[in-house]
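Welcome! Keep the 3D view open and look for each residue as we reach it.

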Amino acid sequence: MQRDAVTSGFADMVHVPSHPLIKHWVSVLRDEETPCAAFRTAMAELGRLLIYEASRDWLPLVNRKIQTPMAVATAEFVNLNHPILIVPILRAGLALAEHASSVLPATKTYHLGMCRDETTLKPSVYLNKLPDKFPEGAQILLVDPMLATGGTVVAAIELLNDRGVVNKQITLISAIVAPPALQKLSERFPGLSVYTAVIDPILNEKGFIVPGLGDAGDRSFDT
């Protein structure tokens, strides 16, 4: 895990897995020469790895007797009585969450479309497919590639809270994050977990992460 002066204040909330493939794919994303198709592939592969890492400690297991070709055995399966839900924040969250269903069994996906005003940096919702109330005990993966000022993800978590979800049920998956967003999250949502490939130190005057990777949505969809 990455632990330095930038992360020390958020050590209980933020997890930065040190897997070499995570480092590789985030570096592909950073490179401005990476074309759109390769960028989306890299984002999807990074999401797969981060979701895998994030699921280590909270996927509930259940024991069941099975018959192998040789004998009866006790096997462990993911307990599907505890719903696993994916909430990608559109647009770029779609790319990062693309392989979620190949990692996690029996998931459902609820889309949340949000955009940030580039002048005020305030978020607004343009698509909300969240249910009125989430199932009790659901584990929710909220997927947003870039956490810069934190305004968008804070608004998204508030929508989840309004529907009965408590912070400890939420795991946030993000490619790159910055301290301003982490500060807001740690102050407002105790119990939240964040999994990311890297923590960058600063934002520029337009609220973009530096060095970052640019606009994740534009680069994912070539717009």
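Which residue in β3 is the bridge partner of K65? It is T74. Please keep in mind that this is a predicted model.

**The β2–β3 hairpin**
- Strand β2 covers residues 61-67, and strand β3 covers residues 72-78.
- The two strands run antiparallel and are paired over seven bridges.
- To get from β2 to β3, the chain passes through a hairpin of four residues.
- Besides K65 and T74, you can look for V62, which stands opposite F77 in β3.
- Is β2 tucked away or in the open? Zero of its seven residues are buried, so β2 lies largely in the open.

**An aromatic pair**
- The structure holds one aromatic pair.
- Its members are Y110 and F134, whose ring centres are 5.7 Å apart.
- Their planes meet at 80°, and planes over 60 degrees apart count as edge-to-face, so this pair is edge-to-face.
- Y110 sits in the loop between β5 (107-109) and β6 (112-116), while F134 sits in the loop between β7 (123-128) and β8 (139-143).
- The pair therefore ties together parts that are 24 residues apart in sequence.
- Both Y110 and F134 are buried.

**L46 in helix α2**
- L46 belongs to helix α2, which spans residues 36-54.
- Leaving aside residues up to four places away in sequence, L46 touches I22, W25, V26, L29, L96, A175 and A197.
- One of these contacts is V26: L46 and V26 are 20 residues apart in sequence, and their C-alpha atoms are 6.9 Å apart in space.

Key
Residues numbered from 1 in each chain as written. Predicted model: local features only at pLDDT ≥ 70, side-chain atom pairs only at ≥ 80, totals over all residues. Heavy atoms only, no water. Pairing = 2+ DSSP bridges. Phe/Tyr/Trp six-rings, centres within 6.5 Å; stacked < 30°, edge-to-face > 60°. Buried < 20%, exposed > 50% of the residue type's maximum accessible area, 1.4 Å probe, protein only. Contact = heavy atoms within 4.5 Å.
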